[in-house]
Amino acid sequence: MFLNHSGTSDQAIDTLSNMQLSSTSRENRREKNIISSIHRDNVTRDLVKYQTNAIIVNIDDYHNIHGLRIPTTTSTSAVAHMTTVLAIPIPTATAIPKYVGDNVYASIHNPRIVDNNVLINKIEDRFMALLSQSFNDRFAKHSESDLLDNLTVHCYDIDIHEKRHNRQLNNTLLIDFVELNLHSTEAYIKAMETFASFPEFHEYLQRNVIPLVADWPGQILPRKVITMQQQQSQNIQTGKIPECVSSFIPIMGPLHVSLNSRETVMMLFYDFFNLAYKSIFGKNKRLANKPRPWRINLLLQLMSDAWKNVAPYIEQKFDFSCSRDVEYLTLKSLLDDAIPLVLNVYATIFRSGDWDGYIEACVRIWCLFARFKRRNYNKAPLFFLSDVWYWESISHPILEILKKHLVSFSDYPVENYHSLIRRQTRETDTPEQLSRTARVINCLRHDNVFRDTFVSSTRYPYRKEDLIGLTNRASIFLLELFTDVKNNTGKSKWMNMKRDRNKFSCHLATLNIDVDQRHLPMAFSSEYPPFDPSERCHLQDLCKMLQSNSDPSIPLPCSHVYHQPCLQYLEYKCFHCLKYIKGEINDNVKSIIRRLTGEDNPQIDININQENMVQSADDEPEDLAQQPSFNLETTNQFKSALEQFIKL
Ligand SMILES: [Zn+2]
Ligand SMILES: [Zn+2]
């Protein structure tokens, strides 16, 4: 339906054919040369225009398989591997210098690469106490943003009407689109050199740096070459790494963090979402094994909104002893913390330019990735946070530019560009044809007629009213689920506890599934997992209230509990979880440094199939009963379900 709708508008085809298609191969070559030289002139002219401004770059790979992302079984020989290099100037920000003032010892590149001590100190000082509140407790104000906009945040297809205002290509500049498989350090050096190959920019790159906003491979591989270049220049050796690589500073792409965190939550809790899906859309349905991004967004959003509808009633029904049940704790942590966090980190917090909120969300999302043991992404936010706090310590001007222009530091432009290219090309196109089309798009990006031809009237498959009805059904699902969870209090069974004290799993009684520490709240990953539901304070022997049962205990989102005075004594920082977080930071930073400074090429660690999930082709939107009574019906059903629940 709307996602694989690949029709290209006639007008755009005409425009492109007039520009590039001709009957003879000689003419073809001539056209190609003209477009190439026009392209180089255009880029030069634009780069010169922004010579005193900050410029951000996106480097990403593109392949000509349409619709699905790279499946594991497809022979890669038939795939054209292309690399896109995009520049996004910020006309209102000055160029970002390599050094603070003329101090060559205050470089934008942290000489320690990633600093575990700074990460530990800042997270302990500034964020540990904030983590004693769930995401929803902290960021409730973000809930009222535009629903349809959030649902289409990972749909880069141009023809989604709702996203039209985001499709501004004016400020995006294609440096080049070339045949290059972006899976080695050498390939990244080539891509970075593409930028440096413009003579007009030699001086710029001597004095300034260009933030490279990219996905995980776009972080680790450029960092590897930058680290090698720095070591090389210290040894005053004539090395093989060109100097220009140190004019780039990799920055974590928020869009990829969002996409990966959403997919990870959906796949880890697949059984839960499959139950929800059946309950909302029909008992005979089954959630696709690898749901598409739009489906993931929809289910996460429905669960998040439904939880807001019912949470106060559910929390009232679970007294202290019921609320210490492991299944309740797991579901609450999923619904009150993980789901709203992955929904909002990019869609609302990053895109609103809320710097403090974004940094806190990055700390929270790292905690989530660490607990999930999500490879690579349990390291990506550490790079970013370590850099930010290093720049803070040397007062590097990039920090002020980041704070003021956060939304420009995005990996969105390249995804948008790729969807444009995808719409204008065929799967059988050669790298040459692809490259030509990309350049033509760049030439025409200021052309209003060209831009308007991409906006068709295709809409998101569900209307706002439908979403209200679906949320009602999701709310009913949660009420029924938590009724069962309450009845099953204490029935979930711990397993494998004897074999390895640090590794265990649990059979959740209501969901009827086995889960491990990745699914359970953070407390279960700490050295002191709260196995005993009757324990009133996890300060153990240090408890200020002598483990009193009469004084109220305060439950934390990590699933530890403390008396109020005990929590005050800890300055609201759960000390078991702080210890766990410190350990995770140390382990991950050690592994990063090994990868960046060791001989082993980090490309071995990058399995593209892991980063590119295959999606089910048959995951199409449901035809909802379009009768006007759908909403009214579900609203009444929800009302009576709620009344019943309250009477329990
Ligand atoms: Zn206590
Ligand atoms: Zn804790």
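**Figure 1. Helices α9 and α11 are roughly perpendicular to each other in this predicted model.** The axes of α9 and α11 (residues 293–317) cross at roughly 70 degrees. They come within 10 Å. Angles of 65 to 115 degrees count as roughly perpendicular, so the pair falls in that class. On the α9 side, the contact uses Leu259, Arg262, Glu263, Val265 and Met266. Their partners in α11 are Pro293, Ile296, Asn297, Leu299 and Leu300. By class, this contact has 7 nonpolar, 1 polar and 2 charged residues.

**Figure 2. Helices α9 and α13 pack roughly antiparallel to each other.** Here α9 (residues 254–268) meets α13 (residues 326–350), with axes that come within 9 Å. The crossing angle is roughly 155 degrees. Angles over 145 degrees count as roughly antiparallel, which is why the pair is described this way. The crossing is left-handed. From α9, the contact takes in Pro254, Leu255, Ser258, Ser261, Arg262 and Val265. From α13 come Leu334, Ile339, Val342, Leu343, Val345, Tyr346, Ala347 and Phe350. The tally by class is 11 nonpolar, 2 polar and 1 charged residues.

**Figure 3. The zinc ion (ligand 1) sits in a tetrahedral site.** Its protein donors are Cys537 (SG), Cys543 (SG), His563 (ND1) and Cys566 (SG). They lie 2.1 to 2.4 Å from the ion. The 4 donor atoms subtend angles of 90 to 116 degrees, so the arrangement is tetrahedral. Along the chain, the donors follow the spacing C-x5-C-x19-H-x2-C. Cys543 and Cys566 link distant parts of the chain, 23 residues apart. Cys543 belongs to the loop between β11 (513–516) and β12 (553–555). Cys566 belongs to helix α21 (residues 564–569).

**Figure 4. Cys558, His560, Cys574 and Cys577 coordinate the zinc ion (ligand 2).** The donor atoms are SG of Cys558, ND1 of His560, SG of Cys574 and SG of Cys577. Distances run from 2.1 to 2.3 Å. Angles among the 4 donor atoms span 95 to 118 degrees, and the site is tetrahedral. The sequence spacing of the donor residues is C-x1-H-x13-C-x2-C. His560 lies in the loop between β12 and β13 (561–563), whereas Cys577 lies in helix α22 (residues 575–597). The pair therefore ties together parts that are 17 residues apart in sequence.

How values were computed:
Residues numbered from 1 in each chain as written. Chains lettered and ligands numbered in written order. Predicted model: local features only at pLDDT ≥ 70, side-chain atom pairs only at ≥ 80, totals over all residues. Heavy atoms only, no water. Axes fitted to C-alpha atoms, helices over the stretch in contact; angles between N-to-C directions. Helix = DSSP H or I, 4+ residues; strand = E, 2+ residues; numbered from the N terminus. Parallel < 35°, antiparallel > 145°, perpendicular 65-115°, else oblique. Left-handed = near helix turned anticlockwise from the far one by under 90°. Contact = heavy atoms within 4.5 Å. Nonpolar A, V, L, I, M, F, W, Y, C, P; charged D, E, K, R; others polar. Donors = N, O, S within 2.8 Å, 3.2 Å for Na, K, Ca; no water. Tetrahedral: all angles 85-135°; square planar, octahedral: opposite > 155°, others 65-115°.
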